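Please look through the model below.

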Amino acid sequence: MTASFGYYAYPWNLHAPRDELRHMQDAGLGHLTVAASYHAGKFVQPRDPRARVYFPEDGTVYFHPARADYGLLSPRVAATTVAQDTLADLSAADIMPIRAWTVLNHNSRLGWQHPDAVARNAFGDSYPYSLCPAHPEVRHYAVTLCADLARGYGVQALLLESPGWLAFAHGYHHEFAQVEVGPATAALLGLCFCRHCVGSAGAAGIDAEALRHVVAGHLADALGDSSEAAEARSRALIADDCIRRYLGWRCTVVTGLCAEIRAAVPAAVAVRVISTCQRPHAAAIWEGHDLAAIAAVTDGLELPLYQPTPDAVADDLRYVLGLLPDGVTPSAILRPGPPDMASAAQLDATLERVTGAGLR
């Protein structure tokens, strides 16, 4: 099977879109996926002639919204797109298919503006970087954004990132902790118990308020005693049936949102979901991602196989393929450079594993 390759790119790096698309085409690439909705960051860009270190605006979009019915949450157009509508230029060039990389619930700008719309841990502390997909206005914003983008720019597909909750370990600005927070404890810290989650889970027969008290009591103990024994107690709590039921309910929330987006987007535009913001994929359930269910209600998954060795990539890919029914084949994203890859040989070996598994 012949592989089909494309780039993921940021619009602020594409200074002459038509020329750059020609270069990509000459290099054998078949499509371009460009960020159309994105979050904050700090990017080292060794070859960009305009900025070697770049800070994008937080929680902005890189297209011009046309709809007026966004509701409580509304998109803000990035200044770089006000100056040059790169996505429109890419589509108008008609050189190769353009796909829109669409970040949804990872949006600190909207989180700070609308504190009722964000995830809250068992103590009630808010996570402004993570919009809660159980909140009706968050869902309305995500569906409206995707429908608006799909109808206005002639894109081939939307690539949805973060349709669920973000994990506790996020990489926020100047994170600081003087206690060890193990992965199991961090997973529990990432659970949302906002009023929308508690109410909706209750309607599904889950006493989320009682569970919140259990988790809060455990976390108070675990954060005060960052020993291996405390982490072991976190692992034991994770195995409890009440937690598993809550995770299962969260998955229905995210799967339902993905289905709503698919229904709102024109059929000619594919809707694919970037499967996780973590590594490995076994952690995706903590984002509310039931990978098989999401694949069933959309046009499939795109897997960020961000692993340090070809064998680790193969293991992670094997795990995901084991969840999906026969005949459902995802696509993959690779990062050929630090921190994931150290050489061209490593990239070749990784591609061999990925294409050998049947991915294109």
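Setting aside neighbours within four places in sequence, Thr 144 is in contact (heavy atoms within 4.5 Å) with Arg 67, Asp 69 and Tyr 70. Thr 144 lies in helix α5. Helices here are DSSP runs of H or I with at least four residues, strands are runs of E with at least two, and both are numbered from the N terminus. Thr 144 is buried, with a relative accessible area of 2%. Buried means under 20% relative accessible area, exposed means over 50%, and partly exposed lies in between, using a 1.4 Å probe and protein chains only.

This is a predicted model, in which local features need pLDDT of at least 70, side-chain atom pairs count only at pLDDT 80 or more, and totals for chains, interfaces and linings use all residues. Residues are numbered from 1 along each chain as its sequence is written, and side-chain values use heavy atoms, with hydrogens and water left out.

Gly 111 belongs to helix α4 (residues 108–113). Gly 111 counts as buried, at 2% relative accessibility. Not counting residues up to four places away in sequence, Gly 111 touches Val 118, Pro 128 and Leu 131. Gly 59 is 52 residues from Gly 111 in sequence, and their C-alpha atoms are 9.2 Å apart.

Helix α7 spans residues 195–203, and its buried residues include His 196, Cys 197, Val 198 and Ala 201. The buried residues of α7 pack against α5, α8 (208–224) and α10 (241–264). Gly 205 follows α7 and has a positive phi, near 90°.

**How do α1 and α3 cross?**

The axes of α1 and helix α3 (residues 86–93) come within 9 Å and cross at roughly 55°. Axes are lines fitted to C-alpha atoms, for helices over the stretch in contact, and angles run from 0 to 180 degrees between N-to-C directions. That makes α1 oblique to α3. Angles under 35 degrees count as roughly parallel, over 145 as roughly antiparallel, 65 to 115 as roughly perpendicular and the rest as oblique. The crossing of α1 past α3 is right-handed: the near helix is turned clockwise from the far one by less than a right angle. On the α1 side, Pro 17, Arg 18 and Leu 21 take part; they meet Thr 86, Asp 89, Leu 90, Ala 92 and Ala 93 in α3.

**Aromatic contacts**

Rings of Phe, Tyr and Trp (its six-membered ring) pair if their centres lie within 6.5 Å; planes under 30 degrees apart count as stacked, over 60 as edge-to-face and the rest as tilted. By this rule there are 17 aromatic pairs. Two of them are tabulated.

| Pair | Centre to centre | Angle between planes | Class |
|---|---|---|---|
| Trp 12 and Tyr 54 | 4.9 Å | 25° | stacked |
| Phe 63 and Tyr 153 | 5.9 Å | 85° | edge-to-face |

Trp 12 sits in the loop between β1 (6–9) and α1 (17–26), and Tyr 54 in strand β4 (residues 53–54), 42 residues apart. Trp 12 is buried, at a relative accessible area of 5%. Phe 63 lies in the loop between β5 (60–61) and α2 (79–83), and Tyr 153 in the loop between α5 (136–152) and β9 (157–161), so the pair ties together parts 90 residues apart in sequence. Phe 63 and Tyr 153 are both buried.

Ring pairs also link a cluster: Tyr 8, Tyr 10, Trp 12, Tyr 38, Phe 43, Tyr 54, Tyr 62 and Trp 101.
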